[in-house]
Structure formats: C-alpha cells, structure tokens
Amino acid sequence: MKLTTAQALVRWLLAQRSETLDGREVPLFPGVFAIFGHGNVLGLGTALEEHREELPVWRGQTEQGMALAAVGYAKATHRRQVGVVTSSIGPGALNMVTAAGVAHANRLPVLLLPGDTFTSRAPDPVLQQVEHFGDPTATVNDAFRAVSRYFDRITRPEQLLSTLPQVARVLTDPADAGPVTLALPQDVQAETYDFPEALFAPVTHRPQRPRPDRRALTEAAGVLRAARKPLLVLGGGVRYSGAGERALAFAGRHGIPVTETTAGRTLVPHGHPLHAGPLGVTGSTSANVLAAEADVVLAVGTRLQDFTTASWTVFSPDVRLITLNAARFDAVKHGALAVVGDADAGLVDLSAQLENWRVDPLWTERAAAERGRWDTHIDTLRAVSGEVPTYAQVVGAVNDLSEPHDYVMTASGGMPGELIGGWRGSGSISMDVEYGFSCMGYELAGAWGAAMAHTEGLVTTMLGDGSYLMLNSELFSAAFAGHPFVAVVCDNDGYAVIARLQEGQGGKPFNNLLGDCRSAHTTPPRVDFARHAESLGCAVFPASTVDDVRAAYAKAREAAVAEKRPAVVVVRTRPDSWTEAGAWWEVGVPEHLSGREGIERGKAAQVRYLSDRI
C-alpha cells in the first residue's frame, strides 16, 4: 500500500486493539490529542483528518495539558488504553517533556508524536529549530530521551516496520510500560513508501501474566511461614494486574493485615477487617505502627518509593522484605527476596505454597484496631470548628457525597496527604493520586483525560490555588469537548504545603505564601477563581463554610453531568491545618537551621537493606 509515513502510522494505530481487565476488546489508541503547527499539520494532520470518524482528535490549549490528559486517561483505564499526543516542532514539542516525566515516573503508557526538523536539512535552519554547533543531528526532541521508555526518530518511512512492534511492546508490557516518543521530521511525515498490508492487520494486545520462578516462590513461602507479624503492602501493580480481589483473598486466607501505597490506594474497602490503612508519610499512623512491628513485609506491585517507606524508616531494622513485581528492576531493590511475575498469578502460586498456614489471630486483629484509632483521628479533624474550612473538612464533605463508582484525583501540594490518609473508599479502584512526579497542573488536565475514560461514576479532582494557576487551560478544552467532571479548588494563598516544610525545618517564610512574596503593591491583586473558571466555560459554585462546600459540591455534581462540562467549587481554606501520619521524610536541611537535628536523627534510623541479610 503506497502511503505516506504519517498515513501508515495512523492506519497502524487504528489496527491495534486491547483487552481490558474484564475481558472486553477496545481500541488500544482510543483518540489523539493534537495541536497543529508547521511541523505536523500537513503530514500527520492530513492523515488524521482522513480518519476523523474512526479516530477522534481532541484539540487542547497547551501541549503539556494534552499530554497530561493522556496520562490521566491511561491511569483511569488501568494502562489498557493509550492516549496519543502530537505537537509541532520546538516549543510545542518541549511543552510535552514534563508530561513525559509524569508518565515515566508513574509507569503509565502514552504515545508522543512531536514534529521534528527536516532530515534533508535544505531549509536550514527551519523555523523553531535550535542548532547545536557540534552536532547537526541533535534537535529539541532529544530532551525526550531522559523521560521516555522508548525513543526513536523516524528518518525513513520503512523504519516504521521495525519500530512499531517495539512501540506496542513498551506501551502494553506490565514491566516496561511508560511513555514512547516517536520524533517525526516533517519531510519524512509526507514521504511515501510501499508498506506491506500485513502491517495494518488487526492485533489484540492482552494483559501479560508471567508466572514467578518456582524456586523463588518456595523461598518466599518459607520466609512467610516463619513470620509472626507479616504485613502485605499493595501497590499500583496490583491495580494494573486486576489483582485486587486476589490480594484480599490471599490476605483473608492467611490472616495477613493489608496496607496500600499511593498508587494502590482504594484497592481495599475502607472497612475491611484486615485493612490497616495507607502506608507512609502521607498515609496513616495505623499502617505505620504495624509496619514498625512487622517482621516480614510482602510488597506486591510497588517500587516502595520514599513517601511509602518514610525514606526507609517506616519498617523495623530486622524486617525481611519480599517483593512480588512484574519488573525485575523493582523487585531486586533494597536487597529484597525478589519474586518476579504478575501480581495476580504470583499470589495464586504463593498461596498454593503456603497451603493452610495462617498468622496468629492476635496480629490479624491489630489491623482493624489500629485503623479504628486512625478513623477516630480523621473524624476529629473533619469536625474541627472554625469559619474557614480545613483541607480535611473539604475532603470529608466530598467523600461523604461521593458514590461508590466515582473517581477522585489530586497530584501536588497538601491535598495528596489528605486524600491518601483520609479518604474512605468502597473498594472499587477509585483514586488517582499522581505522586510519582507530583506535577502541579495535572489535577485539571489529568481530570479531562480521566473524564473521557471513566464513564461509570463521576470524576472529582481536588487541588490548591497554586496548581490551578500553574495549568488551568484544559478546563476550556473539557468544557468545549463536553467532558464533565468536578474540580474543587482550595484557595489558601499560595504554596502552603511548601511553606509548611520551609518553616517546619527552621527556614524563614519566603516566596511561598503570597504574603511572603515580593510585590510592588501594598495590597496585591487577588485571583477571582470563580470568575476565571466561569470564563473558561465551567459551571461555578463558590463556598465559604463546610456546609457551603457540601451544598456547592452537590450542585456541582448535578451541573457537570447535566450540562456536560466541568463544574468548579471554589472555597477559601486554612493554610495551616493538615492531616499528619507522624512519619519522617528526608529533605536537604542546611546545618544552621533548627530542622537539621531532626534530619540527623532520622538518618540514623534509616534502614539500608543489603542482599546478605535476605
């Protein structure tokens, strides 16, 4: 078939199918986010227009926002569908680099198609081209190499034949999933080639379930059998494997308390008797208390990042660590006993090795008892009196009015600690806290993508004023396209959670809260978030008190669905009240600040897991 490179790429996208975790067949690439410029409008843009009915194309307002929407889409579909994002050359391409970092850090698939400079070098330099004096082959797209799982620059049409199978592999592999970047020089996009028809044959990509090595399973089972106080930690890999029910059955059969990481949050129904709560700095004291006593930790589908492990101080120095992970890269970290394989299949095989072994009931019962104490603490935070609501009270109001199949999101500032630590889920996979990269602005752009994907229930995103100002333009994109969600904007006068970190370690208030920033005005201007969101096409519901928040959120839910556009709740919140789990986090503190002493104590308690201990 004689096609341009761009036409062949689009036909290949249309031929790729995916099997969801519940067995349905869907398009692997359900749509494209596009902003056109000279680097992609005639090549890829023309090819996309030819298939506009089969492959929806959504126009965003910023390339970063579109790519973040694609990341949110991938998370909401549990990595079974992939958003495609295309930009022109230069600034449009570079705008996507941040979103690629978000996808890379969170192990989420997205396909980025930035335009690139002419391979012929005839119009040298082309508009928006940067020039490297010692390397004429380098372009701005090389910046994607550090934040891509797979990168290629297509300099000949026939290169698609070898690179596209690798693209599909990375985007659908449980261990390697992440962003793929194909840089497309604009002259090559328009170049024709006789492509084999077989390239466009339909292919269905099904979830891979590699089974662990039997010897590793036997060794892990032996360590668990010897445990007196084991703890099960569930991460994002459990979600992407569809192993949530399997993990709870495993815990129930053997009586092991269960806790969750950020990416694994809401896998466990809040009231489950084995639920110890979320783990780590932004988690709960209940889970952290059990983690400190646990003699064996079975971590499933998690890379155990610093917020989960409290910078490696949350566990006992004598703990034995077993990791079940599809990625060997993650499984071998910290000298763990590595069991490499799919979470669902691995738990089946491991449980078979354990047969009827069960933990001492006294340890099993600790989960509900400790979580009950944490629940009482959260109830106290939600009941705090005062004219200005706290984050905990706003989260409580939203939580109380949410439905079982709703989907709640956040990414940065103080809100992750409130949602991870305080949210009470029903057990459906209902939360996306982007805390791998903690990207300000993801909250609104990612919600646009999640709203496209999450059709059962309503998406609610929660964010601070700083994130809103960082990237809000995709509110208009969602309103224009007709994708409803609710955004709850908490205005606390700046970057309050960083101000807390700064001042809590002995630093002087500086450049975080707006009152501590340099300004030429005695009374600096304030942002009217309600009027701004309304100008972007959103329904808006201001609130002042906690009761106002409840009423406004209820109205926003109705409006978003009825009017097919985002509905925004705006509320002033306190900048000095937070949900704290009592865990430590390592940051760089200069010697002359008061917080340095605490850092030294924390570092002395850090556990370094060495292979000879396992």
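The structure is a predicted model, in which local features need pLDDT of at least 70 and side-chain atom pairs count only at pLDDT 80 or more, while totals for chains, interfaces and linings use all residues. Residues are numbered from 1 along each chain as its sequence is written, and side-chain values use heavy atoms, with hydrogens and water left out. Helices (H or I, at least four residues) and strands (E, at least two) are DSSP runs numbered from the N terminus, and two strands pair if DSSP finds at least two bridges between them.

**Sheet β3-β2-β11**
- Three strands make up an open sheet of mixed pairing, in the order β3-β2-β11, and its edge strands, β3 (25-27) and β11 (203-205), each pair on one side only.
- From one strand to the next the twist averages 40°, with axes taken as lines fitted to C-alpha atoms, for helices over the stretch in contact, and angles running from 0 to 180 degrees between N-to-C directions.
- Strand β2 (residues 16-19) pairs with β11 in the parallel sense over 3 bridges, and Ser 18 stands opposite His 205 in β11.
- Helix α1 (residues 5-15) lies across β2 and β11 and runs at about 25° to β2.

**Strand β6 and its partners**
- In strand β6 (residues 84-87), Val 84 and Thr 86 point one way and Val 85 and Ser 87 the other way, and all are buried, where buried means under 20% relative accessible area, exposed over 50% and partly exposed in between (1.4 Å probe, protein chains only).
- Strand β4 (residues 32-34) pairs with β6 in the parallel sense over 3 bridges, Val 84 being the bridge partner of Val 32.
- Strand β7 (residues 110-116) also pairs with β6 in the parallel sense, over 4 bridges, and Leu 113 in β7 is the bridge partner of Thr 86.

**Strands β22 and β23**
- Strand β22 (residues 539-543) has a covered face formed by Ala 539, Phe 541 and Ala 543, and an uncovered face with Val 540 and Pro 542.
- The pairing of β22 with strand β23 (residues 567-572) is parallel over 5 bridges, and Ala 567 in β23 is the bridge partner of Ala 539.
- Between β22 and β23 the chain passes through helix α23 (residues 546-563) in a right-handed β-α-β crossover, meaning that, with the strands pointing away from the viewer, the path from the first strand over the helix to the second runs clockwise.

**Leu 471**
- Leu 471 is placed in the loop between α19 (465-470) and α20 (474-481), and counts as buried because its relative accessibility is 10%.
- Leaving aside residues up to four places away in sequence, Leu 471 touches Thr 62, Gln 64, Gly 65, Leu 68, Gly 441, Leu 444 and Ala 445, contact meaning heavy atoms within 4.5 Å.
- Leu 471 and Gln 64 are 407 residues apart in sequence, with 8.8 Å between them in space, C-alpha to C-alpha.
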